[in-house]
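Please open the structure in your viewer and keep the selection tool at hand. This tour moves from one selection to the next and says what is to be found at each.

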Amino acid sequence: MKKIISAVTAAMMMLISAASASASDSNAVPTDYQSALDFYNSSGETAVMKNGKDIAVVLPCFNTEKYRYVLTDSDGYTVNSSDSYYSREADAERGFEVYSISLDSENDIELKFEYYNLEDNEKVPNAEAIELKFNYDGNGEYSADYLPRTAKQAELLIDKGGAVVNENKICIALKAAKGAGYDIFSLNNTQSGSLTGLSEPVLISESSESSDNSVCNMRLIDGNLDTPVGGSEIKIYEYKFDKEGPYNFTFAEKRGENKKYANKIYDIGVFSSESGVEIKSNNEYASGDVTLDGNIDVFDAINIAKFTVDSVNFNSNQEMLADCNMDNTIDVFDAITIARRTVAK
């Protein structure tokens, strides 16, 4: 389905980013399980309170005394309180650890929470640390970093459109099925297909999220910590703009290393100027949509059939979308596949 996101200011994009740049008045330190769950689902692991100095941190956990997140940094903040809330107090159901923290430095601050086995006083192997960064604005106030630093923050960003801008940078978060042979490739980086005026893309981080719908990315099995397999893989890209001008990013979720077909293509249009970066469009195309109109219909089948007899030309994106039966060949069978889908609707 084709989606278009209108241009917005950097401040608004920071607001809707997974990191929740500046919390609304409704954000407060959770005091029970339900409020912690609501906070986590709307803001991720953290949000800055309305005074710009206090933050709430909400981390998924288990109702056990053996495993806990441990705050391993020590500079620039004060822990006002911490508590744990669970869906059921009696057993090892998933819950949340909630921190109320004041940021009292005059620098950017990064909090690092590591998952510990308290009985053995050591970090749990394969349990990823949670890192949260806060930017100091020079007026005694902080905002959460716009760049997603956890799988949950990236997931929230994807739900809001999958891209966020900050001054002369853009951050793009994309999700692909993990373990299903998919990967995400950057195909084109500008309208002209060159990287003029644009720094080489830098993959900031990539994370995995749980395959189930729980609030945790980890689970206990027979008393042992287990990191879920399967689920989704999230990749985060950050780009820096050095010159003014329109740019176009195209990403494809495709199978194999040298295959032509794509399950889905993302096309993001960006305009860079002295006033900053604006997202002009954010389009998503599914396999078979060679007309790039957001619909899969008989016109796509006709165009694929014409392509097989060289009466129309496709660009690289259209070629990947055209191979909808995923046999690495664009032929009449792809047109038939589209026609059958149209009849079945």
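## Starting at the open sheet

Select strand 1 and strand 2, which run antiparallel and are joined by 3 bridges. Within this pair, Ala47 stands opposite Ala56 in strand 2. Please keep in mind throughout that the model is a predicted one.

Now widen the selection to the open sheet of 4 strands, whose order is 1-2-5-4 and whose pairing is antiparallel. Strand 1 and strand 4 (77-86) are the edge strands, each of them pairing on one side only. If you look along the sheet, the twist from one strand to the next averages 15 degrees.

## Helix 2 across the sheet

Next select helix 2, residues 33-43, which lies across strand 1, strand 2, strand 4 and strand 5 and runs at about 75 degrees to strand 5. At the start of helix 2, show the side chain of Asp32, where an oxygen reaches to within 3.4 Å of the backbone nitrogen of Gln34. Then colour Ala36, Leu37, Phe39, Tyr40 and Ser43, which are the residues to look for as buried in this helix. These residues cover an arc of only 165 degrees around the axis, and therefore they sit on the same side of helix 2. What covers the buried residues of helix 2 includes strand 1 (46-48), strand 2 (54-62), strand 5 (94-103) and helix 3 (151-159).

## Helix 3

From there, move to helix 3, in which Ala151, Lys152, Gln153, Ala154, Leu156 and Leu157 are buried. Helix 3, too, is followed by a glycine with a positive phi, namely Gly161, where the value is near 130 degrees.

Finally, select strand 6, residues 109-117, where 7 of the 9 residues are buried, so that the strand is largely enclosed by the rest of the structure. Which strands pair with it can be followed one at a time.

- Strand 3 (residues 67-71) pairs with strand 6 in the antiparallel sense over 5 bridges, and Tyr69 stands opposite Tyr115 in strand 6.
- Strand 8 (residues 130-136) runs antiparallel to strand 6 and is joined to it by 5 bridges, with Leu111 standing opposite Leu132 in strand 8.
- Strand 7 (residues 122-123) is also antiparallel to strand 6, joined by 2 bridges, and the bridge partner of Tyr116 there is Lys123.

To end the tour, show the hairpin of strand 6 and strand 7, which has 4 residues between the strands, and pick out Asn121, which takes a positive phi near 55 degrees.

How values were computed:
Residues numbered from 1 in each chain as written. Predicted model: local features only at pLDDT ≥ 70, side-chain atom pairs only at ≥ 80, totals over all residues. Heavy atoms only, no water. Buried < 20%, exposed > 50% of the residue type's maximum accessible area, 1.4 Å probe, protein only. Arc of directions from axis to C-beta. Contact = heavy atoms within 4.5 Å. Polar contact = N/O pair within 3.5 Å; in protein donor to acceptor, adjacent residues only side chain to side chain. Pairing = 2+ DSSP bridges. Axes fitted to C-alpha atoms, helices over the stretch in contact; angles between N-to-C directions.
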